[in-house]
Amino acid sequence: MADVSKKVTGDNTDAATEPRVISFVSSTTTASTSDTHAKPAPRKRRKPKINPNLKCALCESGVKHVTYKDIYQLKKFTSAGGNIIESRRSGTCAKHQRQLARAIKRARQVALMPYVSSNE
Ligand SMILES: [Zn+2]
């Protein structure tokens, strides 16, 4: 496609080769118009790889209750944007994930943690 357009622009000055080029261009232009009507192929989203052997870090460290005051602990379970990381990615068990989500939301409300952060 790129070669054809280059040929067209180059051969416009040459009168001798012009008719051959035009027939070639007309066939390609019909093809290009059909291309514009066609939908562009959707981008495939990469699924993040999930390690099935992840274990709950809080269970292993023996945490019984997650408190909203321990920001350094809570920050490990939030993304750079400030979102809570889902349990299948972080590997936390359901019980601790519930406690974490509640604690993070509480910490946000008392302005210990950000709802959204652009830096970091
Ligand atoms: Zn756990």
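Select G91: it sits in the loop between α5 (87–90) and α6. Helices here are DSSP runs of H or I with at least four residues, strands are E runs of at least two, and numbering starts from the N terminus. The model is predicted: local features need pLDDT of at least 70, side-chain atom pairs count only at pLDDT 80 or more, and totals for chains, interfaces and linings use all residues. Residues are numbered from 1 along each chain as its sequence is written.

Stay on G91. Buried or exposed? G91 counts as buried because it has 20 C-beta neighbours inside 10 Å. Contact means C-beta atoms, placed from the backbone, within 7 Å. Next, pick P52. Its C-alpha lies 8.3 Å from that of G91, 39 residues apart along the chain.

Move to C59, in helix α3 (residues 57–60). C59 has 14 C-beta neighbours inside 10 Å, so it counts as partly exposed. Show C93 and H96: C59 contacts both, neighbours within four places aside. The C-alpha atoms of C59 and C93 are 7.9 Å apart.

Now colour by pLDDT, the predictor's confidence in each residue, from 0 to 100. The chain mean is 78. Finish at residues 26–32, where pLDDT stays under 50.

Conventions
Two residues are in contact if their C-beta atoms, placed from the backbone, lie within 7 Å. A residue is buried if 20 or more other C-beta atoms lie within 10 Å of its own, exposed if 12 or fewer, and partly exposed in between; C-beta atoms are placed from the backbone.
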